[in-house]
Amino acid sequence: MFKPMYKNFTHYSQTAIIILAVIFSVSNLKASEKKHGDAPYTGHQIDRGQRLFYGLAVFESGKHNCQSCHYTQVPKEVNWNPSAVDLADKALKTKDYNLKKVMDNPSSKVMRKAHEKIKITEEEAELLKAYFYKVEQKGLEPSKPFPKNLLIFLTTGILMALAIIDLLFTHKIRFKAIPVLILLISLAFHIKVIANEAIMLSRTPGYQPDQPIKFSHKVHAGQNNIDCEYCHSSVNDSKVAGIPSNQLCMNCHNVVREGSRTGKFEIAKIHEAVNNNKPIEWIKVHNLPDHVFFSHAQHVNAGKVECQTCHGEVEEMHMVRQVKDLSMGWCINCHRDTKVQFLENDYYSTYHSLRKALETGKKDSITVEDIGGENCMKCHY
Amino acid sequence: MSKKYWQSLEQYHEEPDIDQHKSESKQKNDLMELMGDEALQKKSSRRNFLKFCGFTVSSAAIASSCENPVKKAIPFLNRPAEMTPGEADFYASTFFDGNEFCSILVKNRDGRPIKIEGNDLSPFTKGGTTANVQSSILSLYDSGGRYKQPMKEDKRSSWKQVDPEIKDKLEAIKEKDGEIVLLTSSIISPTAKQSIADFRKYYPSAKHVTYDAVSQTGMLRANKRSFNKQVIPSYHFDQADVIVSFGADFLGTWISPAEFTLQYSKNRKLNAGKDTMSQHIQFEAGMSLTGSNADRRIPIKPSEEGIQLANLYNIIARKMGETSFNVPSARINMKNVAAKLMNNRGRSLVVSGSNDVNIQVLVNAINQLLGNYGKTIDLSRPVYIKQGIDSEMRDLVNRMNQGKVEALIMHNVNPAYDYPDAGEFSKGLNKVDLTIHMGHAKNETSKKATYVCPDNHYLESWGDALPKEGFYSLQQPLIRKLYTTRQWQESLLKWAGKSINYLDYLKKHWETNIYPNKAGLESFSSWWNKTLQKGVLDTGKDNGQPDYTTRGLRQAANSIKKSNNKGFELVFYESVALRDGKQANNPWLQELPDPIAKISWDNFAAIPVQWGEEKGLKNGDIIKVDGIELPVFLQPGQAKGTIAVAYGYGRSETGKVADGVGKNVFAHIPFQSGIRYNTKPGVEVSVTGKHMELALSQTHHSMEGRDIVRETTLDEYKKDHAAGNHAHEEFVKHHKESLYKKQEFPGHHWGLIVDLNSCIGCSNCMVACQAENNVPVVGKEQVKNRRIMHWIRVDRYFSGDTEDTGTHHQPVMCQHCDNAPCENVCPVAATMHSDEGLNQMAYNRCIGTKYCINNCPYKVRRFNWYRYVTNNEFDYNMNDEVGLMALNPDVTVRERGVVEKCTFCVQRIQEKKLQAKKEGRPLKDGDVQPACVQSCPAKALTFGDLNDPDSEVSKLVKDKRNYGLLEQLHTLPSVNYLTKVRNKPEELEEV
């Protein structure tokens, strides 16, 4: 079966691209150099601020590790505390921001509890602010997973090379079967990695980006039982389910201004967006290639498919994660298995031959496939 | 078939198609170009090959090793209640560019207009549009051609700066009672007229001059003489059984083509047992779109037109006992035409496209004798589309040159380009103290004006229109202003001391003047909302039929003289695509092939074939006509001794698309006794010996000697409804077995019927399709290389000889064959059949072998030779961030190296199916309308479900006139055609 790999397709031999591409993507070449801006602080001040923040230097009120809560690395799991970048944003972008004052008067229960024993002086506040300049420039550090696959890939590569050298030139190993075996196993491993990477090219199952607001579907849809369609209201009418407008958030958060986990910090972002007339830029989790036409209305309204079928148990997720791989094979398999609302929906009353097949017992149900669910132009036009 | 059809002169003479061979060799070269120059020069060796391989593979690898991009989803801050993201809304509005009027619906997707459709509530167009209307969406997104802010002396300025300056200057002129002139194109908006009146109230010395680049002065003045009303009447071509037209291209460009096309085709449809249709005789010099559809077309010189008409008048007058006049005898005997008209009194129509008052007076007299007024011609509901009187403009230019005009405020006019003596106008412009231009796009005149106060595009504006008495059409904005522009009416009012919102002004005008303020009627705001939603309002108000007088008739008859002019007669015409050139910077229109000559990206001299052959001229050879060097096109049917040239080309200051394309011929039109004539006698012609290749889109689509267009005459048809289509019966009889497996269609089976008797070849469908399906513009060079991308083309065939030429139009799109030859040659199964009879094309699967193109007998598949999007080599609408906003987000933008073709607008099918499913009802016939079908002004196309026995298409498929293109191949196309029937009159003899 064909798998869509590219948004842009070219003349070039696709296989060649894939093989080479995999080698490159395995080696994970990605260098991001961010410039340090011209902060109104000296490097020394910034360094001292950083040491304070990381708990390497001692505050007047004692030793506190800010970074242990206000994380500086992209989190893998949900971390309800504002990140260092969040703090920096707030401190540098708010007019007349006084860090000491804010620390002295915690805005929410959560914050009061967390900062109970932490007191800072004006000088320390200034140093922390200096550090914030650096954080703001740099952003969160990407959390690099340990490159296990890459290491094994390279090791087996070296092993293969050694095995070949030994087979052809050095003949150090008495039993030829050993280098041959090494060669075969390594080769098999290489092929497996390459094939896997090629298949997964541009697919992103497990994608779980950090959102600009720590919005928890578990809290909203799970614990508070808010219907999906309350926020994603165009799901029945349109191809897109729709990201709720800010105004919709305000329906509740006009009143609910403090959360049990995040305090006021996250919810305040909604109010800020309204005040600044600037919508929140969410990160899209479920992405389809441009050449795929997908309509939510078709699946949810006409097809009566549950949201969870494709999106997983979102009501159990604090951070939304892509559960299915959204590949064409996955789409087609579902089209083959899923039964349509054939007798319930009058639209199908003109499908006489299928109706007959159903009546005569030739078929016991009508699947999407039967009504053309495998046609290219159902999704690609 | 006995009739010989031909598409090009080479074919007529059975010469090999030279261009074809040339283009083939060119294609080979282009393939090498793709590899770059170096590759061509170097001897290819194994080493080079490896280098290339290495480079290609590694660069591709680097490109694809990038991480998946982070995509953002940005919601509304406050979502408007009426809009659903991802769903399109339609709003009724109005198109009027000073030349053509149409009530439209605009498709708005996520806050931006992306497609124009006809408003089916309009009683005059019923959803039809023209190519010009369809294309106008692009001019909204023409970031290069539009003004983005006010300008002063060609430098960027702001409203804050220019407004007080202009106001002060106007006040100063008012103080000394100096002359302020407001120069506009025809204005059909009652509210805009009100704003002009308010402006003139504030500045009592202000005058309003209307100027049309292509005017109807002749008719306006003739009606003033005959009826004491300076108006254009409404015409009812549907009520006329005999139509005699003298050079009036009423299907292409004359007054209201979309409306006339609907009327014309209505009386020529032969469905549902009807076997009568109108008879249309056309006298003209150049082959016009209207002439190509006539049942009989008689080529005459423009100078003969008056004589023929006068003779026709005399014959009718004598028979009816009215005074006849002493006129020169005609070359063509008009006896038969007169008899035909006399037999259809009150059901006939004589029209003339001439701008000569005398000729129009004669036409009035003939129609009066035939009793056509009040029946096929309606003066009680005059048409206001053209109001300009040429002499007023001439007077203005004179006064400007005398230094009498102190301020000139211009809107939607471009005299520096289209005034016959543009130099004189420009000279006069320099003598005017204050010159302001209020157009939405750059042009030759706005460049010369001191101030440019840019108008909104019409899709950003509020407005109304009164194209004919009693019929209103409303205009509403579809998008927030893209640039710092302001509606011109607001500007006028601002300078007249009124800072108002134009919407309030408009509503107030409607409330006081148009709202039928009767007791018991709903409130104004509710009535207004409903009217705005419909977009049109027909109050049915008429002004009563005026009385006819023979005033000026004798004078008119006496003015008819035999022309003694030597040399050629030059005929100027508006081309169907570019009209008077206002929308010249529109790449869709530039690439739209002329419906007759099939030439795009140029105007040309259409010359008679016989003369051309005598001189040894070939298409593209350059001749000098009246001092202009133009490439020739040997036009079959062109009257002897005449040459036809289109207006609208040769722009110089309007934008990257139009500048330098073709030649401007406005400077050559004669301006005599206050009238601009569209013909020029006694023109010198010389052959230059130079040559240029024309961008012809036609010859490579030749369908050699097969009965592609099936045709019969009305008499034959009455005897046998299958006349001309017996081959179809043969086919049905013989093609019973097939190697192909029989296709099954469990749900729908989509089909399209093209009624060749209704299709006039106007090419509206081509642009509608282009707009709907993101079809790229490829430019002149690529059109020459036969790589035009239109998914639907209108083939044109000639029959008969090179003088008495019959013309046949045939739209051809993918035929969606059930036994599709393209499908089984695709090595990667990128094209295959759907369960609904669609021949599908999966772009992301296509690897570009082009086998399908090779195997398609209809040549409807298109190959993306290049990347046409965001590519500087194709610097049109798709190479512009703003221009990209016009793309339809539901249709993939195709990449280089893939094949594409008509999809039956599958996105529309899917959308309507989904809507039906959501509502839990079966699809209704007519729910799904592809772009071409929706906007066809002639209603020649019918789309529907062949599985539904009650659908319109199922009925038409059973019609005896129904046949498939090249059906002997047993491709079983889902597109079918209905034979063309001509209501042939007997031969007209020459005297």
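User: Which residues of strand 17 of chain B are buried on one side and which on the other?
Analyst: This is a predicted model, in which local features need pLDDT of at least 70, side-chain atom pairs count only at pLDDT 80 or more, and totals for chains, interfaces and linings use all residues. Residues are numbered from 1 along each chain as its sequence is written, while chains are lettered from A and ligands numbered from 1 in the order in which they are written. Strands (E, at least two residues) are DSSP runs numbered from the N terminus, as are helices (H or I, at least four), and a residue is buried if 20 or more other C-beta atoms, placed from the backbone, lie within 10 Å of its own, exposed if 12 or fewer, and partly exposed in between. Strand 17 (residues 434-437) is covered on both faces, with B:Leu434 and B:Ile436 buried on one side and B:Thr435 and B:His437 on the other.

User: Which residue of strand 18 of chain B does B:His437 stand opposite?
Analyst: Strands pair if DSSP finds at least two bridges between them. Strand 17 of chain B runs parallel to strand 16 (residues 405-411), joined by four bridges, and B:Met410 stands opposite B:His437. Strand 17 is also joined in parallel to strand 18 (residues 451-452), by two bridges. There, the residue opposite B:His437 is B:Val452.

User: Is B:Lys481 buried or partly exposed, and why?
Analyst: B:Lys481 is found in the loop between strand 20 (471-475) and helix 17 (488-495) of chain B. Leaving aside neighbours within four places in sequence, B:Lys481 is in contact (C-beta atoms, placed from the backbone, within 7 Å) with B:Asn456 and B:Glu460. Because 14 other C-beta atoms lie within 10 Å, B:Lys481 is partly exposed.

User: How many residues has the largest nonpolar core?
Analyst: A nonpolar core is a set of buried Ala, Val, Leu, Ile, Met, Phe, Trp, Tyr and Cys residues joined through C-beta atoms within 7 Å. Among the residues with the most contacts inside the largest one are B:Leu362 and B:Val645. Its size is 272 residues.

Technical notes
Contact = placed C-beta atoms within 7 Å.
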